Amino acid sequence: MKVWKSVASAVLVSVLLAGCGSNAGTDNGQEESASGSTVSLKVFVAQPRLKEHYDKYIEQFKAKEKAEKNIEVNVQLEMPPADNAPQILKTRLASNDAPDVFALHAVNEIPPFSKAGYLEDLSGQPFVDKLLDSVKPSVTDAGGKVVAVPLETLSWGYLYNKDIFEEQGLEVPTTLTEMKAVVEKLKAANITPFELSYKESWIPQLFLPLTVGALTQSEHKDFVDKMNQDQGSFSDMKALFDVFDLVNANGTDKALEVGGDDGSAAFASGNAAMWIQGPWFAETILKSNPDLNFGVAPMPINDNPDDTKINLSTSTSLAVSSSSKNKEVALDFVNYILDDKDSSAFYEALKFNPVAKIHDFKSFPWVDDAQKYVSEGKAYQDPSIPQAVKDESGKALQGYYSGQLNQQQVIDALDKAWKSYNKVNK
């Protein structure tokens, strides 16, 4: 999650990890000491809910660098909220203040970031040969260079409470009409069908790839190409509103006051039967309720069951800044992400999917749920929608939910955002 989104203002959460070291560093963040060199490494990852796991893994990395290379590494870990991270990162990159290692969304951000020259070529690094063949293309740029190490690979649609479905005798719906019937049965049993949590704009934004991705597999296969050529319009994507309206009319109250973490806790407590969300919140959900039995299913967008498919994507991935002055240690760090000995435990703790041949941990139940659809050919690759358009969709759908925008205004805003992107990226 994979991950994905921006809003104008933010407070950057910075956590300084590692020992004290000297304060009199040189321009490149390195200094000499009696025991060897000391390096300050800046790492930027927009997953604050997973901080304890990153803290632990970074400590292991520091110990490995000290033992094997006699390098004392001071790691400054920056973990802004997902809504704010893209704009913060873009500002840092544009002002020549890039973190040494930073997380980016593989599908959305590798193409423009690589084109701009921000990403170090990692093709020759040891981790590359460990990647699964199904994952490697997602972190490879247009020139054939591997430019990131993947953290999250995603198979997602919506989360559902399996125990509630079983107790109510419900089957996972394969069409929008079937979903409406499920909603009515849940309401008749005094169960809220959907958890709503739109405080963070990246969450309502999820409806965009779900609907666009499915529709571009059927009657609108050329939608993305047409939009890239300024010849298309989101008026072809009105199924977005059919799904969004159904969910909103049958969801929890005060969605604009509920963020992802609160939504996770609410869903974990059985507050609602379904949540338009991905398994990237699994760790947070299970922290609230370790016994929750939840699954992943594709969201129907119409009454053609062939169009009901799982979204496949690689999201959060770690890149090395091409301008890093601590490149040796930065490269050591991204290689350690897929360390033969320690990586499996790290990914398992994060509740991420296996991405490498060295990963030997058992896949999680929700991964098996999604894999069933993938193996049946009922899946699609996350559509290549510009991040600026996704950002705009999150804000526009917040406005639509609150009644400040109508459907046509949302369509106009998304069309305008894509055209603006095209103008800048010709």
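So, a salt bridge here is a side-chain nitrogen of Lys or Arg within 4 Å of a carboxyl oxygen of Asp or Glu. What we have is a predicted model, where local features need pLDDT of at least 70 and side-chain atom pairs count only at pLDDT 80 or more, while totals for chains, interfaces and linings use all residues. Residues are numbered from 1 along each chain as its sequence is written, and side-chain values use heavy atoms, with hydrogens and water left out.

By that rule we get 18 salt bridges. Take lysine 162 and aspartate 369, whose side chains meet at 3.0 Å, N to O. That pair links distant parts of the chain, 207 residues apart: lysine 162 sits in helix H4 (residues 162-167) and aspartate 369 in helix H13 (residues 365-375). Helices, by the way, are DSSP runs of H or I, at least four residues, numbered from the N terminus. Is aspartate 369 buried or exposed? Its relative accessibility is 15%, so it counts as buried; the cut-offs are under 20% relative accessible area for buried, over 50% for exposed, and partly exposed in between, with a 1.4 Å probe and protein chains only.

Lysine 51 and aspartate 55 both lie in H1 (residues 51-69), four residues apart, about one turn, and their salt bridge is 2.5 Å, N to O. Lysine 51 is partly exposed at 28%, whereas aspartate 55 is buried at 16%.

Over in helix H5, glutamate 184 and lysine 187 are three residues apart, with their closest N and O atoms 3.7 Å apart in a salt bridge. Glutamate 184 is partly exposed at 46%, and lysine 187 is partly exposed too, at 39%.

Terms used
Helices (H or I, at least four residues) and strands (E, at least two) are DSSP runs, numbered from the N terminus.
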